[in-house]
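User: Got a model to go through with you. Can we start with a pocket?

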Amino acid sequence: MKEFKIIIYFFIFALFFISAGCSEKTTEDPKIAQIGNYKLYVSDFRRDANKLSTVERLSLSKKEQKLAFLDQLIDREVLLQEAQELKLDRNSRVMKKVEDFWEEALLEELIRAKSVVLVRDIKVNTDEVNKYYEKMKKKVYARIVITEKADLAKTFLSDEKAIESYKQLEEISDSGWQWFFYEELDQVYRDIIFAMNPGDKKVFLKQKKGWFIFYVSEFADRELGAFDDLKLDIEKLIQSEKEIMSIDNWINSLRGKTKISVDKEILYLTNVE
């Protein structure tokens, strides 16, 4: 973490260093304006203009709009220089905001780059679409209860009424009895539920989230459009689910290689305001 902080601080000072305009541009990138020590070049103007909406960018074809936009950039630079003068660039709150931005940018780039590799070979065939459509024809009236404690899972499996007393202690999560569609359920356990019979109860251990107890009351037919009308949507849905599963498996593999410890007692005592 110390090394990361150093990188963050370097990043902040680099931004302000660039802002100060210490490097000269070539004649191919002429200077539009100079604000204090900061030199604003054509490339800088274009970079900021590209952040605007399409309509706003089109308006910059007019001279007065270009001048108005330049005025905004000058105002921003004047304020940045004042912030530097007051040494706010060293403020801990500023550091934290940049650190948060840095982390989010890193995560976004990692997921983007890894997703390309993970999903490029994912394919959906016609047989998968047909089977998915057949499962969508039914809905299930069920109840899903989640607990972190194995002994509670056993209790609930033998005595459903016991759930109510523990709900008040906030030790469980309970969906209550309701109708579920196949595609609404987590793909990790939905096939288990749809393979159950009316009146069945079953316990399933899902990684990270704890023990899942499933209760099934009945199945019923569901109003569904024609296969040809839904085929493309189902194909996209399966593709998306496969991509999510692939990324989840990758993250789980990273967790498996990383030493992780959690103090749940402290976690549960931590209030979030």
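Analyst: In the second largest pocket, helix α10 (residues 227-256) gives the largest share of the lining, six residues. Helices here are DSSP runs of H or I with at least four residues, strands are E runs of at least two, and both are numbered from the N terminus. This is a predicted model, where local features need pLDDT of at least 70 and side-chain atom pairs pLDDT 80 or more, while totals for chains, interfaces and linings use all residues. Residues are numbered from 1 along each chain as its sequence is written, and side-chain values use heavy atoms, without hydrogens and water.

User: How much space lies in the second largest pocket?

Analyst: About 330 Å³. Of its 17 lining residues, D186, V188, K206, M245 and D248 are the closest to the centre. A pocket is an open set of points on a 1 Å grid over the protein atoms alone, where a 1.4 Å probe fits, with protein on both sides within 12 Å along at least five of seven lines; lining residues have an atom within 4 Å of a point. Points join across faces, edges and corners, and the volume is what probe spheres set on them fill.

User: What classes are in the lining of the second largest pocket?

Analyst: Nine charged, four polar and four nonpolar residues. Asp, Glu, Lys and Arg count as charged; Ala, Val, Leu, Ile, Met, Phe, Trp, Tyr, Cys and Pro as nonpolar; the others, Gly among them, as polar.

User: Back to α10. At what angle do α6 and α10 pack?

Analyst: About 105°, with the axes of α6 (residues 126-136) and α10 9 Å apart. That makes α6 roughly perpendicular to α10. The class covers 65 to 115 degrees; under 35 is roughly parallel, over 145 roughly antiparallel, the rest oblique. Axes are lines fitted to C-alpha atoms over the stretch in contact, and angles run from 0 to 180 degrees between N-to-C directions.

User: Which residues in α6 meet α10?

Analyst: E128, V129, N130, Y132, Y133 and M136. Their partners in α10 include F227, L230 and I234. Contact means heavy atoms within 4.5 Å. By class, this contact has nine nonpolar, one polar and five charged residues.

User: Switching to strands. How many bridges join β3 to β7?

Analyst: 10, between β3 (residues 138-147) and β7 (residues 210-221), which run antiparallel. Strands pair if DSSP finds at least two bridges between them. V145 has I213 as its bridge partner in β7.

User: And what is the bridge partner of V145 in β4?

Analyst: D174. Three bridges join β3 to β4 (residues 172-174), again antiparallel.
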